[in-house]
Amino acid sequence: MMRIAVVNCNTTESMTETAAARARLAVGPDTTVVAITPSWGVASAEGWYDSFISAAAVLHTLERLPSDIGGIVMAGFGEHGREGARELLDIPVVDITEASAHLAMLLGRRYGVVTTVRRAVGQIEDSLMSAGLLGHCAAIEDTGLGVLEIDADPLATADAFVAAGERAIARGAEVICLGCAGMAGLEEHVRDRLPVPVIDGVAAAAALVETLIRQRLTTSKLDSYARPLAKARRWPGADG
């Protein structure tokens, strides 16, 4: 039995469950998806300040990861912490930003991202650039919806996503990526309204983590993701 953890970047439990539910649909019947929410941090990560707090909270959470977890889905689109998690853990760590872009590039030459608020665009660009994937990104379009607004009105969310997706397609996108873990599952509702494939990063990351585990592949510990240096570390404001 394989166990994969979906780790939310914020403290909103409902969003964790949304992401975990989508991940469960993407993996095989012998894979268990464990939902993890940080015990401290931010209710929603929207902007650089939130993102750095979120990254610290997630890394603190991963320090206490159950030993039977075989791989991690980092469920924060464009959020920080990915590289630190790879240093910290020996098991595969897949970020939903990278995962969706990698899958998109197998389906089209250029992809677009539809995200929440405009201020998230810069972070997503930086995340894709550091992963070497920005060159194939045709557009990053926002819906204008806050992270916590996504579930409030599903019909309005779908309409806003389609409108943003159409703008991305007009700029050259041949595939669209959902740019927020809270959008997990939305592709089922908008797939017939856009003329291109729509990819959910949570599903993509879960499937990739499962594949890496089955192939017995782990993160390289040579140079870039070598283990953190041994030293005293304190987490102000953290529980435990």
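Q: Where is glutamate 98 placed in this predicted model?
A: Glutamate 98 belongs to helix H4.

Q: What makes glutamate 98 count as buried?
A: Its relative accessibility is 12%.

Q: Which residues does glutamate 98 contact, leaving aside its neighbours within four places in sequence?
A: Those residues are Arg82, Arg86, Ala131 and Leu133. With arginine 86 there is also a polar contact between the two side chains, at 2.6 Å; the cut-off for such a pair is within 3.5 Å.

Q: Why is the pairing of aspartate 30 and arginine 214 called a salt bridge?
A: Their side chains meet at 2.9 Å, N to O. The rule asks for a nitrogen of Lys or Arg within 4 Å of a carboxyl oxygen of Asp or Glu, so the pair qualifies. Aspartate 30 lies in the loop between helix H1 and strand E2 and arginine 214 in helix H8, 184 residues apart.

Q: Why are aspartate 30 and arginine 214 both described as partly exposed?
A: Aspartate 30 has a relative accessible area of 35%, and arginine 214 stands at 44%.

Q: What does the salt bridge of aspartate 142 and arginine 118 tie together?
A: The N to O distance of this salt bridge is 3.7 Å. Aspartate 142 is in strand E6, whereas arginine 118 is in the loop between E5 and H5, so the bridge joins parts 24 residues apart in sequence. Aspartate 142 counts as buried, at 17% relative accessibility.

Q: Which parts of the chain do aspartate 159 and arginine 193 link?
A: A salt bridge of 2.9 Å, N to O, joins their side chains. It links helix H6, which holds aspartate 159, to the loop between helix H7 and strand E8, which holds arginine 193. Aspartate 159 is partly exposed at 42%, and arginine 193 is partly exposed at 39%.

Q: Why are the buried residues of H5 said to line one face?
A: Ala120, Val121, Gln123, Ile124, Ser127 and Leu128 are buried in H5. Down the helix axis they fall within an arc of 165°, so they line one face. Met129 and Ser130 are exposed on the face turned away from the buried side.

Q: What covers the buried residues of H5?
A: The cover includes helices H2, H3 and H4 and strands E4, E5 and E6.

Q: What makes E6 and E8 the edges of their sheet?
A: The open sheet runs in the order E6-E5-E7-E8, with parallel pairing. E6 and E8 each have a single partner strand, so one side of each lacks a neighbour in the sheet. Neighbouring strands are turned by 25° against each other on average, direction ignored.

Note on methods. Residues are numbered from 1 along each chain as its sequence is written. This is a predicted model: local features need pLDDT of at least 70, side-chain atom pairs count only at pLDDT 80 or more; totals for chains, interfaces and linings use all residues. Side-chain values use heavy atoms; hydrogens and water are left out. Buried means under 20% relative accessible area, exposed over 50%, partly exposed in between (1.4 Å probe, protein chains only). Helices (H or I, at least four residues) and strands (E, at least two) are DSSP runs, numbered from the N terminus. The arc is that of the directions from the helix axis to the C-beta atoms. Contact means heavy atoms within 4.5 Å. A polar contact is a pair of N or O atoms within 3.5 Å; within protein, one must be able to donate a hydrogen and the other to accept it, and residues adjacent in sequence count only if both atoms are side-chain atoms. Two strands pair if DSSP finds at least two bridges between them. Axes are lines fitted to C-alpha atoms, for helices over the stretch in contact, and angles run from 0 to 180 degrees between N-to-C directions.
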